[in-house]
Amino acid sequence: MTGNKMAWLRKSEVVIAGILLLAMILIGLVNPAFWQMDNLFGLLRSNVIIGIMALGVLLVMISGGIDVSFPAFAVAAMYLTIKGMLYFDYNGVFLPFVAAATMGALLGSLNAFFVYKFRMIPLIVTLGTASMVRGFLLGVVGTSIININKMPDVLIDFAKTDVITLTRADGGTSGLTAMVVVYLVLAALLHFVLRHTMIGRGVYALGGDAEAASRAGFDLRKVIFFIYCVAGALAGFAGLLHSSMIWLANPRDFVGMELDVIAAVVLGGASIFGGRGSVIGTMLGVFMLVMVKNSLIIMKIDTTWQRVAVGVIIVIATAITAWRDNRAKA
Amino acid sequence: MVALNDVSLNIRKGEIHCLAGENGSGKSTLIKVMSGVYQPDGGDIWIDGKPVGKLSPIGSIDHGVQVIYQDFSLFGNLTVAENLAMNVQLREKKKILNWRRVREIATEAVNRLGVELDLDTDVEKLSTAGKQLVAIARALMSDARLIIMDEPTTALTGKEVETLFRIVRDIQARGIAILFVSHKMREMLEISERITVIRNGNKVAEGPTGDFDEALITRHMTGADIISEPYVWTAPNTATTPPRIEARGLTVPGHFDPVDLKIHAGEIVGLSGLLGSGRTELALALFGMLPGYQGKILIDGVEKKLATPQDAIAAGVAYVPEDRLSEGLFLTQGIDRNMLSTSYERLAPSMVIDRDRADMLVDKMIAEMQIATTSGKKMVRELSGGNQQRVVLARWLLTNPRILILNGPTVGVDVGSKAEIHRIIRELAVQQGLAVLMISDDVPELIQNCNRIIMMHRGRFVDEKPCADTSDNQISTMLRTLK
């Protein structure tokens, strides 16, 4: 058992955390304002939505698939829920979030059905379902943006909750949104499921070798439905939370979001070949991506160049993980 | 189609039983029936003297039947410990995973087998032999009473096979029966106590291993006597005809020392030696794939510079590599495209491929090589190992070679196909005057098909023998004593 004491140093999460720390120090040197509480709180706030979505994508990616349908599911669940709340004049928080997550799960089961029943490639399935859902939403439900004047106040108030409030030197206050806690709780739950339950290990087994997983006695149908329904539920939940945080519901929201989220998950050490990835790594990856984009904004770099940065991050992070996985196999 | 027809198989408690048969004979189907994956249309399965009725995969495991598949069915992305414990945890219908228990189960599994394995390594980092140990250890954890091993020695080295056999006998000593599925004669004869041979879905022979020898198993497996006449070649007047290929003081520093080699038209020369003897490097040098060689290469008496494979092909050298799957074939392409892949430049003098001529060549080759297919469009992936090897051969013959270098020409090919490939190679040598250099680990293959054998060791030729004066035992003993 020699060498095991140093093994943790080679873990992807530790490497990613190290790079993240280095990047934070570098950014802090260039721009000392980075370390101000205001900026850090804002940064954490930006982690919430992309982070919750990344948890779902992580699940799909560990199983060896890739999901590009979650932004569409998120926007559909969000828009339908808010339309419903307005229609019934409902004033509550808990039920709408349950409804959004359930809608996401139902849409996710559509993905699971095609992936399991027809053994289709998840990328194609989710491209198709994403397009269908977005099309239906705009064609059947509507295209108008629900602005702050119509937006349910309960949702806005809920999302305004802060968990920490600090008084700045100039007398103003900065708060850390309580939504960060929601994100952390969901992450902790998923971490527990992936690491300590049989169905979670089934996700890894499926990503390692589907045939072997079925021979070992995993019920692949159950595992695949679990994966896509949970991913859909997380997307739906994140969708509603997002509109609560920005005080409007736009049925054309989240376009291009899939790239950011997938970049974050890959950056967090998940393998595009499946079988590898962790919640902690993903959270670090999300933080890194958000931080890079945030720094680009602070440095007043044009948004078009942010697309370039995200693209570069995806390519480099994928190259590194692919190199790691190939080397491991040799 | 009937995959299995009225087959009975008896396996006694604690015996090592061999199931022999060629590819496609129904071996895999029989395993799948025993493991509950397929339901038979007729007949019964009896375990411990009782009929068990319909057998499901889980039911089969409950009765103590464990299959170790060729690909081992392991999870490369998970640790050895988790792989070992996975099945036990699933059987116990656990919902929550206890990592301490995983470790206990894994430690017990490794102890039962009596081997050393690092439990924290990811399985994909292990060697093939290591993965096999994990698979065997896992099978033992399921209280197996019959372990079925599907072609367990395919990817193992000689030494690893010995270790495997020791472990198999050790398992047997605990009263666990082993069904060893194979088409390698020597291994069957060495390890088993009884043999059952199936062919085309029928049982054709059964009995104690002592009643069988290689020739008899071959006859049962193929349904025909495979004649093994030695290859005879009469030297022409060497004063007037130069050798087809001659190497003078050929060396690639760091790979092999200067060697002199002459192969005449119609000769089949065997090259034997352990892995790392430099035999593959010599072949690669002759095919222009090791540039920077020193010494001279003469083809039909004319010196040629073989700096690239293109030079070598132009000079009439063809090389059929060891690993046809990774180096030779495009599995998802048709037979035709695979065959023509070296000939397109010749077929398209003005950029456009001469389709009629291409089709004609493919049809001619399929007929000559007797490839079992109805059309040249059939994907190579769907062919058996023997037919795939013929496609590779055909591809090189289409370049009109004068020298054919074969590296492991029948690795992974079953007995019947093997004999057919040997016949084709001999015919090519006799009728077309090809000079053949055959590299192989399979000593009997060399003895049967070559007129002389060169032994290589540590980058040097150490001995040469005419095949008529030697036997496979003699050569094998020599190879073993080389240090």
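Trainee: Let's begin where the two chains meet. How many residues of chain A are in contact with chain B?
Mentor: This is a predicted model, and in it 21 residues of chain A are in contact with 19 residues of chain B.

Trainee: Which elements give two or more residues to the side of chain A that touches chain B?
Mentor: They are α1 (4-7), α9 (198-208), α10 (210-216) and α14 (303-329) of chain A. The largest share comes from α9(A), with six residues.

Trainee: And what is that side of chain A like by class?
Mentor: On the side of chain A that touches chain B there are eight nonpolar, seven polar and six charged residues.

Trainee: OK, stepping back to whole chains. How many helices and strands are there in chain A?
Mentor: Chain A has 14 helices and two strands. Its C-alpha atoms fill a box of roughly 60 × 50 × 35 Å along the principal axes.

Trainee: What does the radius of gyration of chain A say?
Mentor: A compact globule with 330 residues would have a radius of gyration near 20 Å, and chain A has 20 Å, which agrees.

Trainee: What share of chain A counts as buried, and what about its contacts?
Mentor: Of the 330 residues in chain A, 45% count as buried. Taking contacts in chain A with a separation of 6 or more, 76% are between residues 24 or more positions apart.

Trainee: Now the other chain. How many helices and strands does chain B have?
Mentor: Chain B has 18 helices and 18 strands. Its radius of gyration is 25 Å, close to the 23 Å that the globule rule gives for 483 residues, so chain B is as compact as a globular protein of that length. The C-alpha trace of chain B spans about 75 × 50 × 50 Å along its principal axes.

Trainee: What about burial and contacts in chain B?
Mentor: Buried residues are 43% of the 483 in chain B. Among contacts in chain B between residues at least 6 apart in sequence, 70% join residues at least 24 apart.

Trainee: Let me pick a helix in chain A. How far apart are the end C-alpha atoms of α4?
Mentor: They are 27 Å apart. At 1.5 Å a residue, the 19 residues of helix α4 (residues 70-88) of chain A should span 27 Å, so the two values agree.

Trainee: Is α4(A) mostly covered or mostly open?
Mentor: Mostly covered, with 14 of its 19 residues buried. Just after α4(A), Asp89(A) takes a positive phi of about 55 degrees.

Trainee: How many residues of α12 in chain A are buried?
Mentor: Ten of the eleven residues of helix α12 (residues 257-267) of chain A are buried. Among them are Glu258(A) and Asp260(A), along with Val261(A), Ile262(A) and Leu267(A). Just after α12(A), Gly269(A) has a positive phi of about 95 degrees.

Trainee: I also spotted α5 and α11 of chain A. At what angle do they pack?
Mentor: Helix α5 (residues 94-117) of chain A and helix α11 (residues 220-246) of chain A pack at about 140 degrees, and their axes are 6 Å apart. The crossing of α5(A) past α11(A) is right-handed. By class, their contact has 21 nonpolar, seven polar and one charged residues.

Trainee: Where does Phe72(B) lie, and is it buried or exposed?
Mentor: Phe72(B) is in the loop between β4 (65-68) and α3 (80-91) of chain B. Phe72(B) is buried, because 23 other C-beta atoms lie within 10 Å and the cut-off is 20 or more.

Trainee: What about Arg458(B)? What is its phi?
Mentor: Arg458(B) has a positive phi of about 45 degrees, and Arg458(B) is not a glycine either. Arg458(B) is in the loop between β17 (452-457) and β18 (460-466) of chain B. With 14 other C-beta atoms within 10 Å, Arg458(B) is partly exposed.

Trainee: Last one: where is Glu116(B)?
Mentor: Glu116(B) lies in the loop between α4 (99-113) and α5 (128-141) of chain B. Glu116(B) counts as exposed, with 7 C-beta neighbours inside 10 Å. Glu116(B) and Leu133(B) are 17 residues apart in sequence, and their C-alpha atoms are 9.6 Å apart in space.

Terms used: Residues are numbered from 1 along each chain as its sequence is written. Chains are lettered from A and ligands numbered from 1 in the order in which they are written. This is a predicted model: local features need pLDDT of at least 70, side-chain atom pairs count only at pLDDT 80 or more; totals for chains, interfaces and linings use all residues. Helices (H or I, at least four residues) and strands (E, at least two) are DSSP runs, numbered from the N terminus. The expected span of a helix is 1.5 Å times one less than its number of residues. A residue is buried if 20 or more other C-beta atoms lie within 10 Å of its own, exposed if 12 or fewer, and partly exposed in between; C-beta atoms are placed from the backbone. Two residues are in contact if their C-beta atoms, placed from the backbone, lie within 7 Å. Ala, Val, Leu, Ile, Met, Phe, Trp, Tyr, Cys and Pro count as nonpolar, Asp, Glu, Lys and Arg as charged, and the others, Gly among them, as polar. The radius of gyration is taken over C-alpha atoms; the globule rule is 2.2 Å times the number of residues to the power 0.38. Axes are lines fitted to C-alpha atoms, for helices over the stretch in contact, and angles run from 0 to 180 degrees between N-to-C directions. A crossing is left-handed if the near helix is turned anticlockwise from the far one by less than a right angle, and right-handed if clockwise.
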